[in-house]
Amino acid sequence: MIAEALAVGVAAGVVAGLLGVGGGILFVPGLTLVLSLHQVDAEATSLVAIIPVAAVGAWRQHRYGNVRLGDGVVIGALSVAGAVAGAELADLLPEDVLRAGFAALMVAVAAQLVRRAWRQPAKEERSPGE
Amino acid sequence: MARMPLGRPLTLGLIGTAAGLFSGLFGVGGGTVIVPLLILWLAYGEREATGTSLAAIGIVAVYGAATQGAEGHVHFWDGVLVGVPAIAGVLAGTWLQQKLPARAISLLFAALLVGVAVDLVVR
């Protein structure tokens, strides 16, 4: 069980570092399946694991020159406000419909990313506003 | 999805609010919203989008862990058990990312989004 939990942690960290997500995508199922936490507790507990991942990941990316700290702080602060509002709305809105809509939106965004990557194969990234 | 016609600060605010809103609603949000919108709306490079996303996520996670902890949902040592090995993972992941072409990051991210979308629907 310990070995599985460690493996989940390493895998979540790799995904977080590669793709800039917190790792909750793997932490939450890992905590429910390997450590038998209930869903609500797993989502809450994954936040504890995400803190060092995000901190160390942001620090490394900063060293590589890939962090726009001011933008990150604005996004993070407004995300907190958005999350509070989202948690309130979750009780009021028809969640199944919303979830399907959000899923469709994600697929549309994925298609945009692929199209953009396809269209600019050789173009290396440039810093915005420079 | 064309560039956002709004000003840059407003676009940043919209990205942050949307990321928070969706994570509050579905438990999925954060990076899956921040990274693609920085790329598509603000012309961020892939590496910058993911690095900046991690900085934003750190802020949200600290707030979320504190409020969820106060409500008694956090199993601290279980979080440490998966979180500490994840530090090694994120060091490897960020290192590996520097070796990849930017477009590979976009394509991997698109695959992640489709996976999350499927998970949301079948859940």
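Q: Why does A:S36 count as exposed?
A: In this predicted model, A:S36 has 11 C-beta neighbours inside 10 Å. The label exposed applies at 12 or fewer, so A:S36 counts as exposed. A:S36 lies in the loop between α2 and α3 of chain A.

Q: Which residue of chain B has a positive phi although it is not a glycine, and where is it found?
A: That is B:A43, with a phi of about 60 degrees. B:A43 sits in the loop between α2 and α3 of chain B.

Q: Why is B:A43 called partly exposed?
A: B:A43 has 15 other C-beta atoms within 10 Å. A residue is exposed at 12 or fewer and buried at 20 or more, so B:A43, with its 15, is partly exposed.

Q: Why are α1(A) and α2(A) described as roughly antiparallel?
A: Their axes cross at roughly 165 degrees and come within 8 Å. Angles over 145 count as roughly antiparallel, and α1(A) and α2(A) are therefore given that description. As for handedness, α1(A) passes α2(A) in a right-handed crossing.

Q: Which residues of α1(A) and α2(A) meet?
A: From α1(A) come A:A5, A:V8, A:A11, A:A12 and A:V15, and from α2(A) come A:I25, A:L26, A:F27 and A:G30. By class, this contact has 8 nonpolar residues, 1 polar and no charged.

Q: How many residues do the chains bring to their contact with each other?
A: Chain A has 88 residues in contact with 86 of chain B. On the chain A side, α1, α2, α3, α4 and α5 each supply at least two residues. That side divides into 59 nonpolar, 19 polar and 10 charged residues.

Q: How does the reach of α4(A) compare with the expected span?
A: With 22 residues, α4(A) reaches 30 Å from its first C-alpha to its last, close to the 32 Å expected at 1.5 Å a residue.

Q: Which residues of α4(A) are buried, and what do they pack against?
A: Among them are A:D71, A:G72, A:I75, A:L78, A:V80 and A:A83. The buried residues of α4(A) pack against α1, α2 and α3 of chain B.

Q: What helices and strands does chain B have?
A: Chain B has 5 helices and 0 strands, and from the N terminus on its elements run α-α-α-α-α. Its C-alpha trace spans about 45 × 30 × 30 Å along the principal axes. Of its 123 residues, 57% count as buried.

Note on methods. Residues are numbered from 1 along each chain as its sequence is written. Chains are lettered from A and ligands numbered from 1 in the order in which they are written. This is a predicted model: local features need pLDDT of at least 70, side-chain atom pairs count only at pLDDT 80 or more; totals for chains, interfaces and linings use all residues. Two residues are in contact if their C-beta atoms, placed from the backbone, lie within 7 Å. Helices (H or I, at least four residues) and strands (E, at least two) are DSSP runs, numbered from the N terminus. Ala, Val, Leu, Ile, Met, Phe, Trp, Tyr, Cys and Pro count as nonpolar, Asp, Glu, Lys and Arg as charged, and the others, Gly among them, as polar. The expected span of a helix is 1.5 Å times one less than its number of residues. Axes are lines fitted to C-alpha atoms, for helices over the stretch in contact, and angles run from 0 to 180 degrees between N-to-C directions. Angles under 35 degrees count as roughly parallel, over 145 as roughly antiparallel, 65 to 115 as roughly perpendicular and the rest as oblique. A crossing is left-handed if the near helix is turned anticlockwise from the far one by less than a right angle, and right-handed if clockwise.
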